[in-house]
Amino acid sequence: MAKEQLMPYEQAIERFEVVIGLEVHVELNTASKMFCGCANNFGSEPNTNVCPTCLGLPGSLPAVNRKAIESSIAIGLALDCQIAESGRFSRKNYFYPDLAKNFQTSQYDEPIAYEGKISVELETGERFEVPIERAHMEEDAGKLTHVGGATGRIQGAEYSLVDYNRAGVPLVEIVTKPIYGAEDKAPELAATYVRVIRDIVKAMDVSDAKMERGNVRCDANVSLREKGAEKLGTRTETKNVNSLRSVENAVRYEIQRQAHILAAGGSIIQETRHWHEDRGHTSAGRPKSDADDYRYFPEPDLVPVQPSLEWIEEIRKTLPENPALRRKRLQEAWGFADLEFRDVFNSDLLDEVEQTVAAGASPQSARKWWTGELARLANAQGVSITELAITPGQVAEIQKLIDAGELTDRIARDVVAGVLAGEGEPSQVIESRGLRVVTDEGALIAAIDKALASQPDVLEKIRDGKLQAAGAVIGAVMQEMRGQADAARVRELILERAK
Amino acid sequence: MTDITSSTAAELATLIQTKKASSVEITTAFLDRMESLNAKTNSYLHIDRSNALEQAQRADQQLAAGKASSPLHGVPIAVKDNLTTTDAPTTSGSKILEGWIPPYDATVVTKLRQAAMPILGKTNLDEFAMGSSTEFSAYGPSKNPWDLDRIPGGSGGGSSSAVSGHLAPIAIGSDTGGSIRYPAAVTGSVGAKPTYGAVSRYGLIALASSLDQIGPVANTVLDAALLQDVISGHDPHDSTSLPNSLGSMVTAVQAADIKGLKVGVVKQLSSDGFQLGVKACFDDTVAKLVKAGAEVVEVDCPSFEYAVAAYYLILPAEASSNLAKFDSVRFGLRSMPEGNPTIERVMAATREKGFGPEVKRRIILGTYALSSGYYDAYYGSAQKVRTLIQQDLAAAFEKVDVLITPTAPTTAFKIGEKVDDPLAMYLNDIATIPANLAGIPGMSVPNGIASEDGLPSGVQILAPAMQDDQMYRAASIIESLYHAEWGAPLISRVPNLEVL
């Protein structure tokens, strides 16, 4: 499909006001599904975590998972929402083969949580308060795999396979109110908001929060209106934008695409759109109108959820620290400059640094390890840094040995390589690879004398007060010691011996 | 008819407990009768002799080992074919489920197995329980043992014709708008719809989830009470099932005392529109109650007038959604369309071929009633009527313990008489529908023979929600007044099917 024409971004922002709205689906990590006892387990053999209820067999009935309600209330509280005294489920009726009952059981007019807000801080430090309309519970559908077509989409496929393992997995859908005033920051705000939600549900441990697995999915609504206009423009809904970068790019793309159409006198079609990360554009999905008729009605097989005030307060007590407040606290405790802290935060390394500090490393050394050497290694291996086979405790242990002078930075890097290669704990790597700073000064002095003797011109220079000439001797000594010497001590000894 | 097949369930249970007859002997007697007569009555869609006998054998072995599982231990039973069974096909009277063997047992079926009650077979019903005559069964209508040209009521006409024809001593039915009580009334048997939630619906193929309730079909009030005690109780699989037990219905029957009983006659369901013979039977019931010492007063339930209209919005709305799962993807019939078999076209072809006309009519009605722009006018208004009916009943039950009405406006009509007139068919349930809309218990007990056609009539007893014991108390009192007159249950007067 040909790319649509786009208006340059700055020009689009200049002319139009951007209004965005975000729907984030969070897959809960409860042990069992929303309405039956089947395991909620990613990656099982297809159609093994199924029963009459999640297969929608005749006669089966749903029963609500209490833990899912608890997680949903927790999410609502974390988003500063009101919790409903009574929230009923409804049926959203439509036919699709991934939907076992051909209706989705979902909260509709009585969400469990409503009227909240969350503070979102952009990279520049600019803050937005995103208004939350509601957070409601619903069940996920099965997973379709379309076989035989070129695109993997249903169009052109020979047949499709359905895996109902995901059918009935509990979801919480968090819906914002329209977000105004972000202007050129709208794409960044959208992505940052999704990230904040992801961080919150991860911190609360109510979701595995892995976007690449679809644990957190975003639909982004975008509309434009002429600056000063009162009436909202027609919106499009870009579905399932499944990485933070995609959220930002998709919103930016829609702004540019819609701006071009509107500027040329055209009108926006209200529709869903699909984001193609590989090609960097959206394409039209199905037309969507507010009159889409899902024939919602209250689910007669379930009684309304009526959480008691005591239960809500109990859940409130279990909420972890608000991520924004936590960031503020950690930056103060660590004494990081804004740039240093943002580097850690933007690389998603708060947990790692915090745990490394807790294991005894200084904040600065922890930061340097994670944003420096370890980030480089992860990048080189093509894995995410949290997937590296080294724990914060091991990093702290290595740092302690450096601080004690038993390892140099260079040797320490070898120790890390050994740990990553699966050679065991740092102490075992040091033992088996024979990595330890040479503290036997006799050996050092012998090496220094040998080096000075072979480079008489250098000796002269040092004696003439040109101390930087010692560098050449340090190199030779370090080579002789296979790098396992403390360079600073070697330098001191060279100057002594040169006298 | 042997002594065995003309006995009540309670009598059979005593025979078994006292070792005067084995479950195998009793089950064999019924199987023999079923095999010779089911061709005439079409009560059963599925009979599996060896499976039923195996269950009977196990019941006998348990008893021999000293283990009596329930007061109905060893008594065989018929089960309506809209309850899932792992050892028998479950069709719900529809072609779309022909041959489907469920991978799980309904909770009620599990309870029957735990109670050591052998299942004789699966009984006929209107397709997905939509109907009042079994004429909408995809497998042909069941016949009324009182007159094989007449309907046995519906949707549970298979169970009512089995019990009244002595092809089963007792049976399971389901009641969404009268499908237990109406068939009981027109076949001279006893049928009870417990309070909504008293019996688990797990494994009952849903018609309208907020109205459906499983209950007993029996020869006598005591038999019904025995069975209700076996099948009721909380089930974690059914969120709408009541958390607490409603107590023993058998105790309520045994302790039934007319002293202080206050009975209300519903003004709206005692005069117009009832067949003269049915009205005469009802007046007789009232007279008997008064004579025996009950206080009888008239009560006003003005909203009952809207009950049928509200019911035929709520039921199709819920049914249209409940029946969406029949799409050929995971189970049941799959019909391939001509041309390109896309999923939409396969679903459409399957539903076109698999559903009968009444099911299609109600799916269309319900889809329309839930449509955007019509929801408030139809489904919304119907729910309001439901509240009004509950309020009428609450006010009535402040004055009386139970309400009574004729169960059905007429005795059994002839097969084919109303099949092309849906509105006439829907009015058969005019007296039974309010109980489903309000979630209260309702029960039909025989109260005589209509003089003009010689067919049985029934009186309906309604009680407040969760006071099923009051309903059984009143039913037992009424039944004993009639038994005193007749000397035996009405059902014993059923013609000899073997010579018909």
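I began with the helix pair in chain A, where A:Ala186, A:Pro187, A:Glu188, A:Ala190, A:Ala191, A:Val194 and A:Arg195 of H3(A) meet A:Leu244, A:Val247, A:Glu248, A:Val251, A:Arg252 and A:Ile255 of H4(A), contact being taken as C-beta atoms, placed from the backbone, within 7 Å. The residues of this contact divide into nine nonpolar, no polar and four charged, with Ala, Val, Leu, Ile, Met, Phe, Trp, Tyr, Cys and Pro counted as nonpolar, Asp, Glu, Lys and Arg as charged, and the others, Gly among them, as polar.

I note that this is a predicted model, in which local features need pLDDT of at least 70 and side-chain atom pairs count only at pLDDT 80 or more, while totals for chains, interfaces and linings use all residues. Residues are numbered from 1 along each chain as its sequence is written, and chains are lettered from A and ligands numbered from 1 in the order in which they are written.

I then looked up the geometry of the pair: the axes of H3(A) (residues 186–203) and H4(A) (residues 244–263) come within 8 Å and cross at roughly 150 degrees, the axes being lines fitted to C-alpha atoms over the stretch in contact, with angles from 0 to 180 degrees between N-to-C directions. H3(A) and H4(A) are therefore roughly antiparallel, a term for angles over 145 degrees.

Next I turned to the contact between the chains, which takes 26 residues from chain A and 35 residues from chain B. The side of chain A that touches chain B divides into 17 nonpolar, four polar and five charged residues.

Finally I checked the backbone. Phi of A:Glu115 is near 55 degrees, a positive value in a residue other than glycine; A:Glu115 lies in strand S5 (residues 113–121) of chain A and, with 15 C-beta neighbours inside 10 Å, counts as partly exposed. B:Ser328 has a phi near 80 degrees and is buried, with 21 other C-beta atoms within 10 Å. The peptide bond from B:Gly154 to B:Ser155 is cis, with omega near 5 degrees.

Conventions:
Contact = placed C-beta atoms within 7 Å. Helix = DSSP H or I, 4+ residues; strand = E, 2+ residues; numbered from the N terminus. Parallel < 35°, antiparallel > 145°, perpendicular 65-115°, else oblique. Buried ≥ 20, exposed ≤ 12 C-beta atoms within 10 Å, placed from the backbone.
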